[in-house]
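Please read it alongside the model shown here.

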Number of protein chains: 2
Amino acid sequence: MSEAFTRVDANPIMRPADVRPTRPDMVIECLLNPGAFRYQGKIGLLLRVAERPIQEEGWVSTPVLDPTSVGGMRVVRIRKDDPELQYTDPRIFSHQGKSYLTTLSHLRLAWSTDGINFVAEDKPTLLGAGSHESFGVEDCRVEWIDGRYYLTYTAVSEFGIGVGMISTIDWQTFDRHGLIMPPHNKDCSLFPKRVGGAHFALHRPSSQGIGGNYIWLSQSPDLLHWGDHRCIALTRPGMWDSERIGAGAAPILTDAGWLAIYHGADKKSRYCLGALLLDAQDPYRVLARSRTPIFEPLAPYEKTGFFGNVVFTNGHIVDGDHVTMYYGASDEVICSATASIQGILETLHL
Amino acid sequence: MSEAFTRVDANPIMRPADVRPTRPDMVIECLLNPGAFRYQGKIGLLLRVAERPIQEEGWVSTPVLDPTSVGGMRVVRIRKDDPELQYTDPRIFSHQGKSYLTTLSHLRLAWSTDGINFVAEDKPTLLGAGSHESFGVEDCRVEWIDGRYYLTYTAVSEFGIGVGMISTIDWQTFDRHGLIMPPHNKDCSLFPKRVGGAHFALHRPSSQGIGGNYIWLSQSPDLLHWGDHRCIALTRPGMWDSERIGAGAAPILTDAGWLAIYHGADKKSRYCLGALLLDAQDPYRVLARSRTPIFEPLAPYEKTGFFGNVVFTNGHIVDGDHVTMYYGASDEVICSATASIQGILETLHL
């Protein structure tokens with residue numbers, strides 16, 4: 001197996017130290033999974049910035065957005081020897097039956113003229129807003145459709161994890177469209193244009209018991225309301241994508257069909273990337289799927305970090321046959337890798 | 001606490017023996033949770049009929065819809081001493097990591113002129129169809145909207161449990177609209193008319209980890225595509241509705257707002273009914289909610305059966321201030337109870 005992507009030499013291209021915290025008492029633990037887009041001759045990344053209070057010896061603390069608290073944020077602070085404190089993994093803990101994220105994520109713009117050297121803005125671009133984003137906003141896809149940028153992201157709150165939508169034209173003013181997919185759902189990737197008159201989106205609802213963490217495809221007349229939900233890809237027992245799968249950035253229209261890069265995780269939560277090829281006219285029809293990963297955590301910064309052995313993408317820039325992918329490595333740093341689209345299609349052995 | 005509803009003397013009004021199995025080798029184990037509607041001067045119930053093969057000593061067997069099998073159905077048959085066979089409860093088992101329902105449900109019409117004596121049709125009205133209903137169709141709400149009957153029901157398959165929609169005018173020909181809510185979702189109840197130009201629906205997505213089994217409200221321009229999903233009611237720790245809640249039949253417009261009857265279950269899976277009152281103009285606003293049940297399993301046929309201590313409703317007929325509720329008791333028989341709508345509102349202590 002050979003990977004379809006080539007890492008850029010400058011990796012990682014952004015680290016937590018490159019971004020200013022929201023407040024002086026906070027520390028940025030991770031930069032993750034950026035959306036990517038072109039705007040006014042520049043490349044923009046919409047980073048997921050995960051921060052928490054500077055940790056004190058013997059305590060764990062995490063921020064929660066709360067409009068009723070001073071500054072719109074309150075800090076949940078629990079003694080580490082509290083018998084009711086339980087850690088699931090570095091990303092989640094629970095206390096007295098309630099679940100919390102260990103960090104609070106917001107979205108922040110970073111700009112570049114060469115696609116490698118990025119400068120982040122000084123302040124958050126989009127914080128979670130309202131009761132359905134009190135645990136933050138994460139992993140934002142950005143797609144230009146019908147004259148607007150549409151942002152689809154993971155909205156987290158005590159009510160569950162769903163897909164939020166925001167649109168903008170100028171990256172200065174934003175329209176919030178609420179949750180377009182109810183919980184439990186994430187990894188929502190809009191198609192760049194209509195197919196047969198309808199908008200399409202890939203997304204990843206999760207089920208306990210019957211069902212799993214599968215990729216679904218749905219359609220919409222207006223991008224805001226969604227229906228005709230159908231499962232198009234399952235996890236594959238014993239393979240690299242045995243436990244959960246989810247779409248990356250927008251599918252790319254090729255001569256062979258819609259090429260969708262997706263992530264897959266195995267039982268050890270090792271995250272790799274693969275590809276799905278969907279019929280150009282009927283995207284519910286899956287034409288091909290990677291048997292082996294087209295990209296996997298091999299570099300040191302992909303194997304070790306806040307949550308190691310992870311490569312996760314939800315942003316790329318397409319230029320003819322050339323795709324520049326942006327991805328989060330080990331849930332801590334931002335990286336880039338490039339590929340030939342034809343080269344990715346060839347790995348699918350059509 | 002006194003109940004808002006009065007049981008009819010004829011309860012249970014329908015039992016499994018009142019309905020003919022789909023095939024001679026099948027037995028009807030349960031009648032459950034009917035939708036209810038008026039049509040051509042009659043009362044119609046759309047029963048959920050749960051059946052399985054006549055069970056053999058030492059084996060468990062359950063049907064799965066499969067268009068590639070003879071007759072469109074195959075039977076999964078497992079030895080009871082198979083170490084990989086695991087029962088969750090009387091409704092679900094798993095084998096070799098795959099989950100199955102113990103029965104296969106279809107929907108069947110039953111008709112009455114007095115609302116109490118019902119005669120079921122000889123054959124299934126609606127069987128699960130397509131890959132997303134291979135484990136059956138369940139708990140169908142029926143509502144007359146804009147000149148059509150809209151059916152919203154639980155669609156079960158290996159891909160998960162979602163909300164399917166079918167519409168009809170004449171109960172002879174049916175239009176299938178696919179899944180309108182992706183998994184994990186059920187208990188979808190359409191509002192009988194638009195509010196502020198939009199259609200509304202209550203539904204019950206489920207989450208593991210962050211989130212729970214809560215009631216959500218969403219809106220739609222066309223009943224087929226849904227957005228602006230918001231959580232409007234949580235489970236309440238320590239109360240009768242501590243574990244899961246879900247909407248019943250269509251909310252009823254009253255002078256005080258939209259009255260929605262819902263079910264709630266506690267840790268022991270005892271199912272009772274309560275009421276939510278939503279603002280007439282802005283149904284996302286919850287005005288009141290039952291502290292104690294307005295109906296609970298007390299009669300012998302509600303306390304004992306296939307899955308005891310359950311009253312569950314998703315069908316009613318409204319006539320002025322009078323509501324005739326149809327409900328499933330102990331997941332086995334169909335019952336009816338009546339109430340004054342004003343009387344239900346009074347239990348909310350407005």
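1. Basis of the note. This is a predicted model, in which local features need pLDDT of at least 70 and side-chain atom pairs count only at pLDDT 80 or more, while totals for chains, interfaces and linings use all residues. Residues are numbered from 1 along each chain as its sequence is written, chains are lettered from A and ligands numbered from 1 in the order in which they are written, and side-chain values use heavy atoms, with hydrogens and water left out.

2. Extent of the interface. Chain A brings 42 residues into contact with 42 residues of chain B (contact: heavy atoms within 4.5 Å). The buried area between the two chains is about 3,000 Å², with 63% of it from carbon and sulfur atoms; this area is the accessible area (1.4 Å probe) that two parts lose on being put together, summed over both.

3. Polar features of the interface. Between chain A and chain B there are zero salt bridges, a salt bridge being a side-chain nitrogen of Lys or Arg within 4 Å of a carboxyl oxygen of Asp or Glu. Nine residue pairs, both at pLDDT 80 or more, are in polar contact across the two chains. A polar contact is a pair of N or O atoms within 3.5 Å; within protein, one must be able to donate a hydrogen and the other to accept it, and residues adjacent in sequence count only if both atoms are side-chain atoms.

4. Contributors from chain A. The elements that give two or more residues to the side of chain A touching chain B include β8 (98-101), β12 (148-157) and β13 (160-168) of chain A. β18(A) gives the most, with five residues. Strands here are DSSP runs (E, at least two residues), numbered from the N terminus. The residues on this side of chain A divide into 19 nonpolar, 19 polar and four charged.

5. An enclosed strand in chain B. Nine of the nine residues of β21(B) (residues 257-265) are buried, so this strand is largely enclosed by the rest of the structure. Buried means under 20% relative accessible area, exposed over 50%, and partly exposed in between (1.4 Å probe, protein chains only).

6. Partners of that strand. β21(B) pairs in the antiparallel sense with β19(B) (residues 244-247) over four bridges and with β22(B) (residues 271-278) over eight bridges; pairing requires that DSSP find at least two bridges between two strands. G246(B) has H263(B) as its bridge partner, and Y262(B) stands opposite G274(B). Three bridges join β20(B) (residues 252-254) to β21(B), also antiparallel, and a hairpin of two residues connects these strands. In the hairpin of β21(B) and β22(B), with five residues between the strands, S269(B) takes a positive phi near 55°.

7. Over all chains, the whole structure holds 41 salt bridges. In one of them, D139(A) pairs with R48(A), the closest N and O atoms being 3.0 Å apart. The partners lie 91 residues apart, in β11(A) and β3(A). D139(A) is buried at 7% relative accessibility, as R48(A) is at 12%.

8. In D81(A) with R79(A), the closest N and O atoms are 3.1 Å apart; D81(A) is exposed at 54% and R79(A) partly exposed at 43%. For R194(B) and D146(B) the corresponding distance is 3.7 Å. Both of these residues lie in loops, so the pair ties together parts that are 48 residues apart in sequence.

Key: Nonpolar A, V, L, I, M, F, W, Y, C, P; charged D, E, K, R; others polar.
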